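Hi,

Here is the structure I promised to pass on. Have a look at it first, and then read my notes below.

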Amino acid sequence: MAAIFTWTVSECERTIADPTDGITVAHWRVNATEKIGDTDYSATSYGTQSFTPDPTASDYIQYDKLTEADVIGWCQSALDKDAIEAGLQSSIDAQITPATATGTPW
């Protein structure tokens with residue numbers, strides 16, 4: 001099986017000089033989950049992504065018109081989405097089939 005990845009943006013930063021100003025920083029998170037039998041496995045990664053808004057660009061979206069999907073798309077384009085998700089999958093795989101254990105033999 002493979003994990004399900006859910007991307008979210010919890011916070012955006014912007015200048016407030018003009019309500020049409022774009023965001024300058026997005027705080028993103030990706031949650032990975034995988035269920036095997038009755039056991040749920042999960043891993044999370046989070047970070048920030050900076051942007052330089054350009055109101056003169058043809059694809060510019062002003063702040064009050066942005067959707068979370070827009071910002072997630074920008075973050076995924078700017079980041080190495082595949083590497084982030086692969087790292088989370090590796091973390092879950094290690095939970096499913098651990099290479100080490102703790103305990104005492106007595």
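**The hairpin and the sheet**

Strand 2 and strand 3 make a hairpin with two residues between them, and Gly37 in the turn has a positive phi of about 60°. Before you dig in: this is a predicted model, so to speak of local features I needed pLDDT of at least 70, side-chain atom pairs count only at pLDDT 80 or more, and totals for chains, interfaces and linings use all residues. Residues are numbered from 1 along each chain as its sequence is written, and side-chain values use heavy atoms, with hydrogens and water left out.

For the terms: strands (E, at least two residues) and helices (H or I, at least four) are DSSP runs, numbered from the N terminus, and two strands pair if DSSP finds at least two bridges between them.

Strand 2 and strand 3 are antiparallel and share twelve bridges; Arg29 is the residue opposite Tyr46 in strand 3. Strand 1 and strand 2 (residues 23–36) also run antiparallel, joined by ten bridges, and Arg14 has Ile23 in strand 2 as its bridge partner.

**Helices and overall form**

The protein chain has two helices and three strands, in the pattern β-β-β-α-α along the sequence. Its radius of gyration (taken over C-alpha atoms) is 19 Å, well over the 13 Å that the globule rule gives for 106 residues, so the chain is more spread out than a compact globule. That rule is 2.2 Å times the number of residues to the power 0.38. The C-alpha trace spans about 70 × 25 × 20 Å along its principal axes.

Contact means heavy atoms within 4.5 Å.

**What sits inside**

Buried residues (under 20% relative accessible area; exposed is over 50%, partly exposed in between; 1.4 Å probe, protein chains only) make up 24% of the 106 residues. Which residues touch the most other members of the largest nonpolar core? Ala26 and Val71 do, out of 18 residues. Such a core is a set of buried Ala, Val, Leu, Ile, Met, Phe, Trp, Tyr and Cys residues joined through side-chain atoms within 4.5 Å. Strand 1, strand 2, strand 3, helix 1 and helix 2 each supply at least two residues of this core, and strand 2 gives the most, with five.

Not counting residues up to four places away in sequence, Ala26 touches Val9, Glu11, Gly47, Thr48, Gln49, Phe51, Val71 and Cys75.

Gln89 is in helix 2 and counts as buried at 15% relative accessibility. Apart from neighbours within four places in sequence, Gln89 is in contact with Ala2, Ala3, Phe5 and Glu34.

Cheers
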